[in-house]
Amino acid sequence: MSRIEIKPLTPTLGALVEGADLSRPLDDEAFAQVKAAFLKHKVIFFEDQHLTPVQHRDFAARFGALHTHPLYPGVPEAPELFILDNHADNPTDNDSWHTDVTFIETPPMASILYAKHLPPVGGDTIWSDMKAAYDALSPAFREFLSGLDAVHDFARGFPQRGIVAKGAGEDKHAKALAEHPPVLHPVVRTHPETGEDALFVNFGFTERIKGLRRKESDAILNMLFEHVTKPEFLVRWRWTPNAVAFWDNRITQHYAVNDYLPHRRIMNRATVLGDRPYHRSRKPAGLKTAAE
Ligand SMILES: O=C(O)CCC(=O)C(=O)O
Ligand SMILES: [Fe+2]
């Protein structure tokens with residue numbers, strides 16, 4: 001019998017999961033409890049986990065195929081994972097609101113971040129609940145947004161002069177750029193497992209709304225980018241050594257607080273691929289939501 005306990009951190013977003021050891025395969029009951037907590041709370045946290053890169057990778061792979069990032073440096077023992085090693089010469093570029101890897105056609109369902117080395121204080125991460133943000137809009141505006149698609153672009157999130165591109169080197173960046181043309185995603189996404197509708201645009205990668213004039217698109221996107229930062233939608237996580245954050249990338253965005261330099265902060269991330277985003281009104285044939 002597993003003794004997993006779930007402790008919510010806000011009414012809609014974030015929960016601490018106690019009593020799970022992620023270094024070993026979870027039994028079926030524990031796996032179901034973790035998956036249910038992930039879907040309900042959208043980001044879940046585990047403390048005091050002692051994971052090798054292979055154990056981290058294996059836990060992530062239980063949820064689906066893994067994505068290998070085109071720019072960040074891989075972890076040698078498990079190359080699907082990547083390293084975020086931030087210090088004075090390599091500050092984070094994740095100090096802006098984003099959803100991970102929305103520049104591909106099947107963006108990740110989840111990211112799993114593990115704290116390897118933390119600054120003495122600071123370096124928190126903040127998540128925002130895209131269902132709460134969507135629900136707070138007027139019915140008329142929600143309906144308008146639900147019919148729209150937006151362009152998500154690798155080049156917006158990883159410009160040539162950016163920190164990550166420089167770290168990767170010119171050739172790797174040029175190759176990644178060529179392999180990632182802009183993609184379209186619905187502005188409002190129906191969650192494929194819970195059936196919930198949520199905003200699916202993010203400052204990091206969303207360039208414009210298709211079919212609108214540039215001024216209209218900029219005004220709406222800027223309004224939404226500001227809207228998602230309302231404190232009511234957020235949870236702020238203060239990392240402890242060896243903690244894990246596991247978030248549903250289909251229904252959240254996040255922001256890495258850049259307040260700890262010149263101290264160092266090292267994290268490893270695994271990324272689980274998801275399916276193609278859709279809105280319920282324009283669902284591709286053959287796809288079913290769990291809520292149906
Ligand atoms: O370093 C962090 O707290 C978050 C970094 C990030 O954006 C990510 O791992 O997706
Ligand atoms: Fe991220």
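**Pockets, a cavity and a ligand**

The second largest pocket holds about 220 Å³ of space; a pocket is an open set of points, on a 1 Å grid over the protein atoms alone, with protein on both sides within 12 Å along at least five of seven lines. Such a volume is the space filled by probe spheres set on the grid points, which are joined across faces, edges and corners. Lining this second largest pocket are 16 residues, with Y72, P73, I83, N90 and V164 closest to its centre; a lining residue has an atom within 4 Å of a point. Two or more of the residues in this lining come from each of β5 and α6. Helices (H or I, at least four residues) and strands (E, at least two) are DSSP runs, numbered from the N terminus. By class, this lining has nine nonpolar, four polar and three charged residues. Here Ala, Val, Leu, Ile, Met, Phe, Trp, Tyr, Cys and Pro count as nonpolar, Asp, Glu, Lys and Arg as charged, and the others, Gly among them, as polar.

A word on the ground rules: this is a predicted model, where local features need pLDDT of at least 70 and side-chain atom pairs count only at pLDDT 80 or more, while totals for chains, interfaces and linings use all residues. Residues are numbered from 1 along each chain as its sequence is written, chains are lettered from A and ligands numbered from 1 in the order in which they are written, and side-chain values use heavy atoms, with hydrogens and water left out.

The largest pocket has a volume of about 280 Å³. Its lining counts 22 residues, and D93, N94, G157, F158 and F205 lie nearest the centre. Both α5 (154-157) and α6 (163-168) give two or more residues to this lining, with α6 giving the most, three residues. Sorted by class, the lining comes out as 11 nonpolar, seven polar and four charged residues.

A cavity is a set of grid points where a 1.4 Å probe fits but cannot get out, and searching the whole structure turns up one of 30 Å³ or more. The largest cavity contains about 120 Å³ of space. It has 14 lining residues, and L84, N94, L113, H254 and A256 are the ones nearest its centre. At least two lining residues come from each of β5 (78-86), β15 and β16, and β16 gives the most, with three.

The shell around ligand 1 draws two or more residues from β15 (252-256) and from β16 (265-273). Around ligand 1 are residues including W247, T125 and R265, each with a heavy atom within 4 Å of the ligand. Polar side-chain atoms of three residues sit by ligand oxygen atoms: R269 at 2.5 Å, H98 at 3.0 Å and H254 at 3.1 Å. Taken alone, ligand 1 exposes 290 Å², and the protein buries 100% of that (accessible areas are by the Shrake-Rupley method with a 1.4 Å probe).

Most residues other than glycine have a negative phi, and most peptide bonds are trans. K42, though not a glycine, has a positive phi of about 75°, and it sits in the loop between α1 (28-41) and β3 (43-46). L261 and P262 are joined by a cis peptide bond, with omega about 10°; P262 belongs to the loop between β15 and β16.

Key
A polar contact is a pair of N or O atoms within 3.5 Å; within protein, one must be able to donate a hydrogen and the other to accept it, and residues adjacent in sequence count only if both atoms are side-chain atoms.
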